[in-house]
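Dear colleague,

Please find below the structure that I am handing over to you.

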Amino acid sequence: MSYENYKNWKTKAISGIPHLSIVIPAYNEQERIVATIGAIASHVSDLGFEWELLIADDGSKDDTVKLVEELGLVNLRLLKTPKNGGKGNAVQRGMIASKGRYVLFADADNSTPIEEISKLLAKLEKENYDVAVGSRAVEGAEESNKSFLRHLLSGGLRWIVKNVLRINVRDTQCGFKMYTQKAAKELHAMQTIMGFSFDLEILFLASKYGLRIAEVPVSWVDAPGSKVDTKKEIQRFLRDLVNIQVNNFKGVYRRM
Amino acid sequence: MDITHKVSNSINIIQLGGRFDAHEVAPVVAWLKGQAEAGKVNLVVNLAGVNFIDSTALSTLVQGLKHCREKNGELHLCCMQQPVRVIFELTRLDKAFSIYTSEEEATAFQA
């Protein structure tokens with residue numbers, strides 16, 4: 001690993017189209033965002049291509065914005081908004097603003113270690129998939145610190161997703177997904193769900209329009225400090241599942 | 001997280017490996033507390049095996065450093081992997097700690 005590569009990325013602005021954009025949605029992440037940016041910047045700068053990092057703040061009320069602004073990383077773009085619009089909204093803004101040939105969305109807690117990125121990138125670059133989904137539910141995946149309750153809930157939700165929405169992806173909710181630029185822009189332009197279950201809608205749309213989706217096993221750690229209220233999110237997830245069906249029936253999802 | 005202990009040049013050393021985050025700080029907090037109770041104020045934390053460190057783990061090291069300095073000692077860090085070094089730089093904690101590239105340097109400085 002070369003420190004020079006990181007130093008170059010930190011100080012020299014890229015001129016052309018980046019090979020990769022990484023979008024991180026952030027809401028009140030002052031405790032976690034800097035460490036995650038450090039881990040990502042160090043690893044990705046060494047992969048041998050130009051890349052940009054987008055932090056899509058979601059109206060944080062803590063010092064997230066100030067901390068990110070003070071880092072002075074020239075290839076980091078901070079997308080600010082005065083309102084808290086939901087995680088899906090932050091990811092959507094990041095995806096629309098991204099310039100890379102490939103676009104990764106990653107959670108702010110580095111719960112899927114950034115070292116897993118090469119597996120997803122290889123699926124898009126070498127096997128011509130449109131979407132690569134980090135998965136905790138396929139053979140070869142590793143999970144740490146996940147509670148029995150979360151295991152149980154994940155299993156139940158996976159069954160519903162497969163049998164109701166007919167999405168052939170076992171883990172729709174892992175916060176580590178990569179798209180080609182075209183897929184990212186098209187899918188997120190049609191997005192209507194702005195909460196945590198936006199992934200479900202994006203994968204439904206990808207399936208509906210026949211995009212090629214690869215599910216890639218990744219390691220995952222249940223990182224401390226999660227802001228997810230499990231009970232509320234399950235209720236929203238089920239409600240959004242119905243909304244997706246209704247939207248689809250009404251013809252809301254039209255490809256640009 | 002993988003943890004081992006050793007003594008070199010009369011300095012107590014803890015060697016850490018894996019992801020050093022809020023789930024994993026308890027044994028390090030206990031080690032620091034044990035050292036304080038035993039009157040050991042010159043310590044080394046070897047981070048060679050650590051590939052990610054979060055704010056809780058950083059805070060644990062800062063607390064350890066503070067306690068050592070209050071007793072006229074030092075807590076030195078060594079053998080950081082690049083991602084951890086970058087996290088220390090971005091949080092500006094590289095200015096607070098004495099950071100060495102090898103365990104020998106970290107212990108020889110205090111001997």
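In chain B, five strands make an open sheet with mixed pairing, in the order E1-E2-E3-E4-E5. Strands are DSSP runs of E with at least two residues, helices are runs of H or I with at least four, and both are numbered from the N terminus. Two strands pair if DSSP finds at least two bridges between them. The edge strands of chain B are E1 (2–8) and E5 (98–100), each pairing on one side only. Strand E4 (residues 74–78) of chain B runs parallel to E5(B), and three bridges join them; here His76(B) stands opposite Ser98(B).

This is a predicted model, in which local features need pLDDT of at least 70 and side-chain atom pairs count only at pLDDT 80 or more, while totals for chains, interfaces and linings use all residues. Residues are numbered from 1 along each chain as its sequence is written, and chains are lettered from A and ligands numbered from 1 in the order in which they are written.

Chain A holds an open sheet of seven strands, ordered E3-E2-E1-E4-E7-E5-E8, also with mixed pairing. Strands E3 (76–79) and E8 (213–217) of chain A each have a single partner strand, so one side of each lacks a neighbour in the sheet.

Finally, 21 residues of chain A are in contact with 15 residues of chain B (C-beta atoms, placed from the backbone, within 7 Å). Helix H2 (33–44) of chain A gives the largest share of chain A's side, eight residues.

Yours sincerely

Conventions:
Contact = placed C-beta atoms within 7 Å.
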